[in-house]
Amino acid sequence: MVGNRPLGRRFGWLWASYAVSAYGSGLGFGALPLVAVLALHAGPAEVSALAAVGPAVGALIAVPLAPWVEFRRKRPVMIMMDLVRFAAMATIPVAYALGWLGFVHLLVVSAVVAAAKIAFNAASGAYLKAIVSPDDLLVANARFESTNWSSIAVGPPLGGAAIGLLGPVATVLADALSYLLSALGLTAIGGGASAVGGKGPAPVGGKGPVRAGALLDGWRHILGHPVLRSLYLNNLLVSGLIMATEPLLAVLLIRQLGFPPWQYGLAFAAPCLGGLVGSRLARRVVARFGRPWVFRTVGTLRAVWLIGLVFVGPGVVGLVTVMVVELAIIINMSLYTPVLATYRLEQTPEHLVARTLTAWSIGQQTSIAVLTALAGLLADATGPRAALAVAGLLILITPLLLPRRGRAVWTERELFRGAS
């Protein structure tokens with residue numbers, strides 16, 4: 001179970017801020033592709049480019065940010081990144097109201113938000129590791145995961161209704177305001193937090209020049225750790241292939257099959273209730289079966305369902321098909337993700353947390369960008385259904401990258417840690 005014991009005032013404010021931002025993002029789920037389709041009449045290639053180019057540029061911007069985040073106080077960094085995302089997202093409804101909104105504008109906003117998200121996640125991971133005891137990390141990560149999926153369950157249907165009533169940029173404005181509220185919540189935590197999230201001043205040299213090698217330290221740590229390396233490579237492909245289907249489904253469901261926006265939102269929102277199930281089971285499953293089993297078995301089960309999206313058709317049957325496939329994926333993802341996040345933090349020294357998390361996020365965003373762009377080009381040439389089929393088949397090979405029982409990398413401590 002997620003656990004009901006309190007994890008301290010600072011975690012409470014951190015969780016509350018995350019929840020506000022998550023629910024805002026839930027309302028704005030798929031907002032930029034929807035704006036592109038509904039307001040700018042974009043086609044499959046343009047929608048996929050929006051989902052690909054923005055995150056790719058954002059990942060590139062985030063590369064030099066990693067050491068900067070590492071050697072600065074984490075809470076101010078998080079507040080700053082929230083304010084950057086608020087300012088960027090707020091430009092969209094303003095430009096739309098003035099008749100100035102264009103596709104390039106959406107690309108720029110997507111890139112800025114992606115870079116700020118990577119920096120924010122790196123800082124928040126380091127901050128979390130410092131304010132929560134090691135035995136409570138899985139509980140904390142499971143709470144974040146539960147909040148994330150509940151926000152997606154509630155947000156998209158409301159967002160779809162808001163778009164129908166108030167226009168295509170209504171949810172973008174709500175998402176922007178959620179970042180502002182998150183920044184206010186983080187400000188309420190008070191107190192100082194060092195470069196690793198704890199108390200005390202930032203490390204000496206944190207404001208000096210950053211050595212070139214520091215930009216790559218996160219990747220060196222990941223690729224030098226046998227289990228993290230396997231999990232990282234697997235995650236790149238699984239995340240990239242799953243996310244590459246989002247713009248394809250937007251075109252398939254809304255443009256080709258005629259689903260209204262509220263049904264599009266419902267198709268993704270209702271299955272997210274499965275995220276509450278998976279995240280709440282994470283600690284219990286680890287206690288009973290161990291983390292290697294979670295990584296191998298649940299990691300495999302994340303990948304086998306995506307091919308089902310090929311069979312989506314019009315009407316109620318099509319809607320139910322999307323929901324069933326997404327439910328199966330989400331239950332397994334929500335169980336797997338907090339276990340992965342906890343293991344990654346445990347295996348990373350404090351002075352490398354921000355750079356490791358940044359490297360992980362950059363790799364993931366780049367993979368999503370590249371695979372989304374390729375899927376968009378394929379969909380433009382053959383149609384979204386054919387591109388969904390290719391993604392569904394490719395993801396079936398990803399379990400081969402997961403750590404296997406035969407590798408001498410799982411210690412008894414790794415196997416049973418978190419079970420108490």
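**Exercise 1.** Is the crossing of H6 and H15 right-handed or left-handed?

*Solution.* Before we start: this is a predicted model, where local features need pLDDT of at least 70, side-chain atom pairs count only at pLDDT 80 or more, and totals for chains, interfaces and linings use all residues. Residues are numbered from 1 along each chain as its sequence is written, and side-chain values use heavy atoms, with hydrogens and water left out.

Step 1: find helix H6 at residues 103-131 and helix H15 at residues 353-382; helices are DSSP runs (H or I, at least four residues) numbered from the N terminus.
Step 2: the two pack at an angle of about 145°, with axes 8 Å apart; axes are lines fitted to C-alpha atoms over the stretch in contact, and angles run from 0 to 180 degrees between N-to-C directions.
Step 3: the crossing is right-handed, meaning that the near helix is turned clockwise from the far one by less than a right angle.

**Exercise 2.** Find which residues of H16 are buried, and what they pack against.

*Solution.* Step 1: look along residues 384-394 for Pro384, Ala387, Leu388, Ala389, Ala391 and Gly392, which are buried (under 20% relative accessible area, 1.4 Å probe, protein chains only).
Step 1: these buried residues pack against helix H10 (226-256) and H15.

Note on methods
Buried < 20%, exposed > 50% of the residue type's maximum accessible area, 1.4 Å probe, protein only. Contact = heavy atoms within 4.5 Å.
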